[in-house]
Amino acid sequence: MTKVELTYFPVKAMGEGLRLLMSYGGQAFEDNRINSTDWPTIKQSTPFGQLPMLTMNGKKYAQSIAIARYFGRKYGLVGTTPEEDLEIDMTMDFIIEIRSKAIVVYFETDEAIKKAKHEDYSKNVYPDMLGKLNDIVGRNNGHIAAGKLTWGDFVFAGMYDYLKVRLHMPDLDTKYPNLKKVVDNVYGLPQLKNYLANAPKTEI
Ligand SMILES: N[C@@H](CCC(=O)N[C@@H](CS)C(=O)NCC(=O)O)C(=O)O
């Protein structure tokens, strides 16, 4: 039997979507949540120096979106046409862009620049991007694309709490209510019941 291990930090963020996808697909996996003390050593052994990392039969794979797309193909969570796949990829790239904006602010070390950037993005960038994403989900029956459940929904649902915190938007649910529908659609899947009941609870 294939030995599968997901190595990530003890958070949801970029790793939870993969945990959810494997749980949905009935794939047994070792949920390896590493601590920051062990990270510098493990970092050397990852393909690109970052996590999450999927290990299958001793082979290591990185890049959360590529891995999620792989599980999507494996479990039939893809588009029914190349155009639907394009739609999923397009929206996912946009979601990752939103994440990247918040990350730039998070890692800014100059406190004054950090504050100014956050205020600028909160006023001029996030509302536009999140409003567009909310409309996309509205047109797709509570999914990020293709009007149906796809791997992209799992990635977005898994990183939702992390986004909420990194964007400093505790009212994300009410401000952009369609986004929460994606989360509810995924977290309500019966295939995930067992994983969700046993997984460690984390804020992000
Ligand atoms: N494009 C990568 C980004 C992964 C990423 O940003 N990983 C962060 C944690 S969320 C990381 O490994 N940080 C530790 C480091 O860079 O040393 C992916 O989607 O997998």
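Student: Which way does H1 pass H6, in a left-handed or a right-handed crossing?

Tutor: In this predicted model, H1 crosses H6 in the right-handed sense. Six of the residues where these helices touch are nonpolar, two are polar and one is charged.

Student: Why are H1 and H6 called oblique to each other?

Tutor: Look at the angle: H1 and H6 pack at about 130°, with their axes 7 Å apart. Roughly perpendicular stops at 115 degrees and roughly antiparallel starts over 145, so H1 and H6 count as oblique.

Student: Which residues of H1 meet H6?

Tutor: On the H1 side you have Glu-16, Gly-17, Leu-20, Leu-21 and Tyr-24, and they meet Trp-151, Phe-154, Val-155 and Gly-158 in H6.

Student: What makes Glu-16 count as buried?

Tutor: Glu-16 has a relative accessible area of 4%. Buried means under 20%, so Glu-16 gets that label. Leaving aside neighbours within four places in sequence, Glu-16 is in contact with Arg-33, Gly-158, Tyr-187 and Tyr-195.

Student: How do you know that the side chains of Glu-16 and Arg-19 make a polar contact?

Tutor: The pair sits at 2.8 Å, and the cut-off is within 3.5 Å for N or O atoms, one able to donate a hydrogen and the other to accept it.

Student: Over in H5, why is Leu-133 called buried?

Tutor: Same test: Leu-133 has a relative accessible area of 2%, and the limit is under 20%, so Leu-133 is buried. Not counting residues up to four places away in sequence, Leu-133 touches Thr-91, Phe-94, Ile-95, Ile-98, Phe-156 and Leu-179.

Notes. Residues are numbered from 1 along each chain as its sequence is written. This is a predicted model: local features need pLDDT of at least 70, side-chain atom pairs count only at pLDDT 80 or more; totals for chains, interfaces and linings use all residues. Side-chain values use heavy atoms; hydrogens and water are left out. Buried means under 20% relative accessible area, exposed over 50%, partly exposed in between (1.4 Å probe, protein chains only). Contact means heavy atoms within 4.5 Å. Axes are lines fitted to C-alpha atoms, for helices over the stretch in contact, and angles run from 0 to 180 degrees between N-to-C directions. Helices (H or I, at least four residues) and strands (E, at least two) are DSSP runs, numbered from the N terminus. Angles under 35 degrees count as roughly parallel, over 145 as roughly antiparallel, 65 to 115 as roughly perpendicular and the rest as oblique. A crossing is left-handed if the near helix is turned anticlockwise from the far one by less than a right angle, and right-handed if clockwise. Ala, Val, Leu, Ile, Met, Phe, Trp, Tyr, Cys and Pro count as nonpolar, Asp, Glu, Lys and Arg as charged, and the others, Gly among them, as polar.
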